[in-house]
Amino acid sequence: MAVVSGVKRGGPRSVPAAAPGPVLAAMLVLVLVAGCKGSVSVGKPGAVPTSQVESQVATQMANQVRMAKPDVTCPEPLPATIGATLHCTLEAQGSTEIFPVTVTVTSINGSDVHFNAQVGPNPINATTSTG
C-alpha cells in the first residue's frame, strides 16, 4: 500500500488546460524542478516494485501541479537502500517531450521506503528541426 509522506509545493498552482504542448511542458518543468516526496510500504526489505515507484511519482507530480497524471516510466524496481537512485522518465499529458526523473531513497522506516523524485530541467528527446 502506498503512503504519501508529503509534497514540496511552490510555483504556479494551476496551469491552463488549453496550453500548447511546448508551453505546457515548460510550465511543468518550472514547477517540477522542486521535486516531490513519496513513501511506499514494501512489506519487507528488498526493493520497491517498478509500478509502485511510477505510480507514486506520477501521482505526486500531478498533485503538485494540479494537472493530469504524467506518464512515468522506470526501468526496474527501486532498491530499498538509503541513497539508492533510479533513473526514470516523465512525459506530461499533451506533450511529446520526455524529461529525466531521478528517484532517490532518503530514508527507510521499517517497511516504509521514503524517496524524493527530481525532474531534470531539459527534455532528453529534444531535437532540432531542419527546414
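**Hairpins, disulfide and core**

Tutor: Strands β7 and β8 make a hairpin with 2 residues between them, and G110 in the turn has a positive phi of about 65°. This is a predicted model, in which local features need pLDDT of at least 70 and side-chain atom pairs count only at pLDDT 80 or more, while totals for chains, interfaces and linings use all residues. Residues are numbered from 1 along each chain as its sequence is written, and side-chain values use heavy atoms, with hydrogens and water left out.

Student: How many bridges join β7 to β8?
Tutor: There are 8, and the two strands run antiparallel. Strands count as paired if DSSP finds at least two bridges between them.

Student: And β6 with β7, which sense?
Tutor: Antiparallel, over 7 bridges. That hairpin has 6 residues between the strands, and G94 takes a positive phi near 85°.

Student: Back up. What order do the elements run in?
Tutor: From the N terminus, β-α-β-β-α-β-β-β-β-β, which is 2 helices and 8 strands. Helices (H or I, at least four residues) and strands (E, at least two) are DSSP runs, numbered from the N terminus.

Student: Which cysteines form a disulfide?
Tutor: C74 and C88, with sulfur atoms 2.1 Å apart; the rule is a pair of cysteine sulfur atoms within 2.5 Å. C74 sits in the loop between β4 (71-73) and β5 (78-79), C88 in strand β6, 14 residues apart. The link is right-handed, with 105° about the S-S bond.

Student: Is C88 buried or exposed?
Tutor: C88 is buried, at a relative accessible area of 3%, and C74 counts as buried at 7%. Buried means under 20% relative accessible area, exposed over 50%, and partly exposed in between (1.4 Å probe, protein chains only).

Student: What is the bridge partner of C88 in β7?
Tutor: V101. On the β8 side, V101 stands opposite V119. Leaving aside neighbours within four places in sequence, the contacts of V101 (heavy atoms within 4.5 Å) include V57, L86 and A117.

Student: Which residues touch the most other members of the largest nonpolar core?
Tutor: V53, V57, L78, V101 and V103, out of 21 residues. α2 (50-65), β6 (85-91), β7 (98-109) and β8 (112-119) each supply at least two residues of this core. A nonpolar core is a set of buried Ala, Val, Leu, Ile, Met, Phe, Trp, Tyr and Cys residues joined through side-chain atoms within 4.5 Å.

Student: How much of the chain is buried?
Tutor: Buried residues make up 37% of the 131 residues.
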